[in-house]
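Welcome! Here is a short briefing on a ligand and the residues that surround it. Please have a look at the structure below before reading on.

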Amino acid sequence: MYNRKDSFYKKAKLEGYRSRASYKLLELNQKYKLFRKNDAVLDVGAAPGGWSQVALQLLGEKGIVVAVDILDINPLNDKRFHFIKGDIRDENTLSEITKYASSFDIVISDIAPNTTGQKFVDHQNSINLIKTVMNFIMKTLKKNGIFLFKLFDGEERESLVKDLKELFEDIKIIRPDATRKNSFEIYIICKGYKLG
Ligand SMILES: C[S@@+](CC[C@H](N)C(=O)[O-])C[C@H]1O[C@@H](n2cnc3c(N)ncnc32)[C@H](O)[C@@H]1O
């Protein structure tokens, strides 16, 4: 079982990150060079804010982070940060997002459905959420943009990746070190958005 007091959790608390997930993003950025100083970043499924913290840390003065979640986030006191409380499946949430930026250089999504303990159901719900995010980014991701997302892995991954290959130049599937050993979470990094 996931132990909330594991070493990454303790490290996160000590270093002021709101979640252990911050380390996953730092690790991914170090290896795959995701963020550039002036990027407009969309953080989908952002609560409690660990990924947004990392993005703000990596961006320069002109960068912005627009974060969305159904749950509240304690404010991150940074003028480059904008939070929208809403469901990503709701059209109103999507129009709120575009009030802050009409297009994004990078979309990061750590979005996760409530887990049921049944791997197939969790996988299916995860796929459905990612498909919703994909529909949205097809309208808002800039040409050559990046899409990084978490997925609860399963049999539909292959067909999802096939679709992504139509949209992006380069796709990588990653299981970062900071991921719990028995978890079925994977990360997919898509670079070089062909449309936009
Ligand atoms: C693993 S957490 C994200 C952790 C975050 N990246 C961090 O570092 O602090 C996943 C989030 O996805 C959010 N979420 C799930 N379904 C959602 C939906 N339909 N719309 C918006 N957010 C959603 C959950 O509320 C939860 O906060």
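**Around the ligand**

Asp87 sits in the loop that links strand S3 (81-85) to helix H4 (91-100); helices (H or I, at least four residues) and strands (E, at least two) are DSSP runs, numbered from the N terminus. This is a predicted model, in which local features need pLDDT of at least 70 and side-chain atom pairs count only at pLDDT 80 or more, while totals for chains, interfaces and linings use all residues. Residues are numbered from 1 along each chain as its sequence is written, and side-chain values use heavy atoms, with hydrogens and water left out.

**The ligand and its shell**

- There are 21 residues around the ligand, and Ser19, Gly50, Asp69, Asp87 and Asp110 come nearest; to be counted, a residue needs a heavy atom within 4 Å of the ligand.
- By class, this shell holds 11 nonpolar, 5 polar and 5 charged residues. Here Ala, Val, Leu, Ile, Met, Phe, Trp, Tyr, Cys and Pro count as nonpolar, Asp, Glu, Lys and Arg as charged, and the others, Gly among them, as polar.
- A polar backbone atom of Trp51 is 3.0 Å from an oxygen atom of the ligand.
- On its own the ligand has 610 Å² of accessible area, and the protein covers 87% of that (Shrake-Rupley method, 1.4 Å probe).
- In UniProt, an unreviewed entry gives the annotation "binding site" to Gly49, Trp51, Asp69, Asp87 and Asp110; such annotations may be inferred rather than shown by experiment.

**Asp87**

- An N or O atom in the side chain of Asp87 lies 2.9 Å from a nitrogen atom of the ligand.
- The Asp87 side chain also makes a polar contact with the side chain of Arg89 (2.7 Å); the term means a pair of N or O atoms within 3.5 Å, and within protein one must be able to donate a hydrogen and the other to accept it.
- Asp87 is partly exposed because its relative accessible area is 23%, and the limits are under 20% for buried and over 50% for exposed, with partly exposed in between.

**Asp110**

- Asp110 is placed in the loop between strand S4 (104-109) and helix H5 (119-140).
- A polar side-chain atom of Asp110 is 2.8 Å from a nitrogen atom of the ligand.
- With a relative accessible area of 14%, Asp110 is buried.

**Helix H3**

- Helix H3 (residues 50-58) is mostly covered, with 7 of its 9 residues buried.
- Gly50 and Trp51 are among the buried residues of H3.

Methods
Buried < 20%, exposed > 50% of the residue type's maximum accessible area, 1.4 Å probe, protein only.
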